[in-house]
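Open the model in your viewer and keep the sequence panel beside it.

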Amino acid sequence: MTLDDIKQISIRGYLQQMGIYPKRENNQRGMYCSPLRPDTNASFSVDYAKNVWFDHGLGEGGSIIDLVSKLEHCSVGDAAKKLE
């Protein structure tokens with residue numbers, strides 16, 4: 001599996017598998033409570049069309065690889081391997 005293939009894995013689906021669901025959503029974007037920090041304001045957005053995330057409280061975002069790296073406290077390379 002190439003990095004481009006891995007980046008196509010749905011962030012929305014990944015979060016659902018973890019039991020994390022949006023507080024608000026439309027066809028293009030979902031707003032979640034951040035899985036990276038305490039958050040009650042749903043300030044973690046996922047752009048469903050671009051398959052990228054952004055945590056407005058941290059000012060950070062990226063691909064599913066970046067998200068797994070942060071959630072699992074591992075390197076980007078290890079995150080990619082976990083997603084393969």
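Start with strand 4 and strand 5: three bridges join them, and they run antiparallel. The coordinates are a predicted model. Now pick F54. Which residue is its bridge partner in strand 5? The partner is G61.

Five strands form an open sheet in the order 1-2-3-4-5, with antiparallel pairing. Look at the edges, where strand 1 (24-25) and strand 5 (60-62) stand. Each has a single partner strand, so one side of each is left without a neighbour in the sheet.

Select residues 29-32 and 44-47, which are strand 2 and strand 3. Four bridges join this antiparallel pair. Within it, Y32 stands opposite F44.

Move on to residues 52-55, strand 4. Strand 3 and strand 4 also pair in the antiparallel sense, over four bridges. Here F44 stands opposite D55.

**The aromatic cluster**

Show the side chains of Y32, F44 and W53, which form one aromatic cluster. The structure holds two aromatic pairs. Take Y32 and F44 to begin with. Their ring centres are 6.4 Å apart and their planes stand at 90 degrees, so the pair is edge-to-face. This pair links distant parts of the chain: Y32 sits in strand 2 and F44 in strand 3, twelve residues apart.

Then turn to F44 and W53. Is this pair stacked or edge-to-face? F44 and W53 are stacked, at 5.4 Å centre to centre with 15 degrees between the planes.

Switch to a surface view. Y32 and F44 are both buried. F44 has 0% relative accessibility and therefore counts as buried. W53 has a relative accessible area of 3%, and W53 is buried because the cut-off is under 20%.

**Last stop: R12 and Y48**

Select R12 and Y48. The charged end of R12 sits over the ring of Y48.

How values were computed
Residues numbered from 1 in each chain as written. Predicted model: local features only at pLDDT ≥ 70, side-chain atom pairs only at ≥ 80, totals over all residues. Heavy atoms only, no water. Pairing = 2+ DSSP bridges. Helix = DSSP H or I, 4+ residues; strand = E, 2+ residues; numbered from the N terminus. Phe/Tyr/Trp six-rings, centres within 6.5 Å; stacked < 30°, edge-to-face > 60°. Buried < 20%, exposed > 50% of the residue type's maximum accessible area, 1.4 Å probe, protein only. Lys NZ or Arg CZ within 6 Å of the ring centre and 35° of its normal.
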